[in-house]
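Here are my notes on the model, as numbered points. Please read them with the structure open.

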Amino acid sequence: MGERSSATLTAADGTEFSVATALPAEAPAAGVVILPDIRGVHPYYVALAERFAEAGLAAVAIDWFGRTAGVCPDGVRPGDFDWQPHIPQTTAEGIDADVAAAVAHLRDRAGADLPVVTVGFCFGGSHSWRLSGGQLDLAGCAGFYGRPGLVGDAADRAALPTVMLIAGADTATPVDDQLALAGRMRTAGAEVDAVVYDGAPHSFFDRSYGEWADACQDAWEHVLALTDRVARG
């Protein structure tokens with residue numbers, strides 16, 4: 001890995017928010033904006049950015065809470081951060097502004113023509129899928145165990161290559177609802193790679209990795225297939 005750093009970015013609306021960036025030693029072929037779960041830029045997502053860098057990708061993990069909780073004092077949210085009053089205050093417009101700033105940050109660090117995808121988890125997975133039908137300069141979107149309700153009508157405008165990684169035993173969102181979302185997005189014109197991991201629980205990729213190593217490895221390969229695709233143009 002070439003470089004790891006924490007920084008504060010400024011969105012178009014003037015909001016300052018925290019990010020963690022990891023860059024590979026060689027010039028990357030693609031970039032990844034990591035959209036965390038409800039914990040924001042938790043240390044897990046700092047480590048995930050580093051894992052992407054080790055795979056040859058430029059990566060930045062963003063925090064959700066710059067507008068309501070300010071920047072992270074140490075660059076990350078602590079494990080005991082109380083996210084509950086903050087998540088309801090997030091908006092699609094604010095998230096889009098932060099993602100746009102993160103994309104610009106990656107291109108500033110790794111090349112103006114860098115194709116960038118989003119990779120999100122739970123709350124972040126929902127918004128990653130939503131961005132397939134958005135207006136940002138993205139090349140693709142991947143999400144783990146998201147909520148179709150947060151995608152909303154954007155599903156009917158989906159156009160970007162999208163990866164949906166679905167926990168088969170997800171108690172937060174029924175699998176059928178997520179597969180129905182995949183169908184809506186395909187009807188809109190998006191190419192959707194939807195994979196169900198039978199028996200896997202919600203958050204299997206991070207909280208249950210040891211028990212679901214094979215599923216986690218397969219999911220990782222699906223994400224890298226998306227980054228390889230956008231890198232080839």
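1. Axes here are lines fitted to C-alpha atoms, for helices over the stretch in contact, and angles run from 0 to 180 degrees between N-to-C directions. Helices (H or I, at least four residues) and strands (E, at least two) are DSSP runs, numbered from the N terminus. The model is predicted: local features need pLDDT of at least 70 and side-chain atom pairs count only at pLDDT 80 or more, while totals for chains, interfaces and linings use all residues. Residues are numbered from 1 along each chain as its sequence is written, and side-chain values use heavy atoms, with hydrogens and water left out.

2. Helix α3 (residues 92–110) packs on helix α4 (residues 123–130) at about 80°, and their axes are 12 Å apart. The two helices are therefore roughly perpendicular (65 to 115 degrees; under 35 is roughly parallel, over 145 roughly antiparallel, and the rest oblique). On the α3 side the contact (heavy atoms within 4.5 Å) involves Ala92, Ile95 and Asp96, and on the α4 side Phe123, His127 and Arg130. By class, the contact residues are 3 nonpolar, 1 polar and 2 charged. Ala, Val, Leu, Ile, Met, Phe, Trp, Tyr, Cys and Pro count as nonpolar, Asp, Glu, Lys and Arg as charged, and the others, Gly among them, as polar.

3. Helix α1 (residues 43–54) and helix α7 (residues 213–232) pack at an angle of about 60°, with axes 12 Å apart. That angle makes α1 oblique to α7. Leu48, Arg51 and Phe52 of α1 meet Gln217, Trp220 and Val223 of α7. These contact residues divide into 4 nonpolar, 1 polar and 1 charged.

4. Strands β1 (residues 3–10) and β2 (residues 16–23) pair antiparallel over 8 bridges; pairing requires at least two DSSP bridges between the strands. Glutamate 3 has leucine 23 in β2 as its bridge partner. The hairpin of β1 and β2 has 5 residues between the strands, and glycine 14 in this hairpin takes a positive phi near 90°.

5. Is proline 161 buried or exposed? Proline 161 lies in the loop between α5 (148–151) and β7 (162–167). Its relative accessibility is 14%, so proline 161 counts as buried (under 20% relative accessible area; exposed is over 50%, partly exposed in between, with a 1.4 Å probe and protein chains only). Leaving aside residues up to four places away in sequence, proline 161 touches Ala139, Gly140, Cys141, Glu191, Leu226 and Arg229. Proline 161 and arginine 229 are 68 residues apart in sequence, and 9.2 Å apart C-alpha to C-alpha.
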